[in-house]
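Try each task first, then read the solution.

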Amino acid sequence: MIIMHGMFDLADDVEEGAFHEAFVSLSKYLKESGLLLNWRCMRHQPHDGYNANGPPTTHYIAIEFQDMEQAETCWRRIEEGLEPLKSLHQSVFE
């Protein structure tokens, strides 16, 4: 299994609920398309004792892939920019 991790802050004008809904919609589509196994999206709380080396961000995602081939295939499909994936991916950033 391959896991992609992302740690980030939301832009000031992005509502957390809207981001989460868009991320879940994208992830469900990718899973139904056989392009990922699972995902997690959660708040991140920096803590000096547990994750002192990580960036002090507010959000964390983990995307699970069967192997590197599936991860690369998923990314290539996103980069193709075809619908409906294009709109689902863009909505995560709006």
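Contact means heavy atoms within 4.5 Å. The model is predicted, so local features need pLDDT of at least 70, side-chain atom pairs count only at pLDDT 80 or more, and totals for chains, interfaces and linings use all residues. Residues are numbered from 1 along each chain as its sequence is written, and side-chain values use heavy atoms, with hydrogens and water left out.

**Exercise 1. Find what Ile78 touches.**

Step 1. Locate the residue. Ile78 lies in helix α2. Helices (H or I, at least four residues) and strands (E, at least two) are DSSP runs, numbered from the N terminus.

Step 2. Check its cover. Ile78 has a relative accessible area of 14% and is buried. Buried means under 20% relative accessible area, exposed over 50%, and partly exposed in between (1.4 Å probe, protein chains only).

Step 3. List the partners. Leaving out residues up to four places away in sequence, Ile78 touches Leu30, Leu85 and His89.

Step 4. Compare with a distance. Val14 is 64 residues from Ile78 along the chain, and their C-alpha atoms are separated by 22 Å.

**Exercise 2. Work out the pattern of helices and strands along the chain.**

Step 1. Count them. There are three helices and three strands.

Step 2. Read along the sequence. The order is β-α-β-β-α-α.

Step 3. The C-alpha trace spans about 40 × 30 × 20 Å along its principal axes. Of the 94 residues, 32% are buried.

Step 4. Look at sequence separation. Take the contacts between residues at least 6 apart in sequence: 65% of them join residues at least 24 apart.

**Exercise 3. Decide which residues of the largest nonpolar core touch the most other members.**

Step 1. Define the set. A nonpolar core is a set of buried Ala, Val, Leu, Ile, Met, Phe, Trp, Tyr and Cys residues joined through side-chain atoms within 4.5 Å.

Step 2. Name the residues. The largest core has 21 residues, and Phe19, Phe23 and Leu30 touch the most other members.

Step 3. Trace the suppliers. At least two residues each come from α1, β2, β3, α2 and α3. The most come from α1, which gives six.

Step 4. Follow one member. Beyond its neighbours within four places in sequence, Leu30 is in contact with Leu35, Leu36, Cys74, Ile78 and Leu85.

**Exercise 4. Explain why the buried residues of α3 are on the same side.**

Step 1. Pick them out. In α3 (residues 85-92), the buried residues include Leu85, Leu88 and Val92.

Step 2. Recall the helix rule. An α-helix has 3.6 residues a turn, so residues three or four places apart point the same way.

Step 3. Find the cover. It includes α1 (16-32) and α2 (68-80).

**Exercise 5. Is Thr57 buried or exposed?**

Step 1. Thr57 sits in the loop between β2 (38-43) and β3 (59-65).

Step 2. Read the area. Thr57 has a relative accessible area of 8%, so it is buried.

Step 3. List the contacts. Apart from neighbours within four places in sequence, Thr57 is in contact with Met7, Phe8, Asp9, His44 and Pro46.

**Exercise 6. Find which residues a cis peptide bond joins.**

Step 1. Check omega. The cis bond joins Glu83 and Pro84, with omega about 5°.

Step 2. Pro84 is in the loop between α2 and α3.

Step 3. Most peptide bonds are trans.
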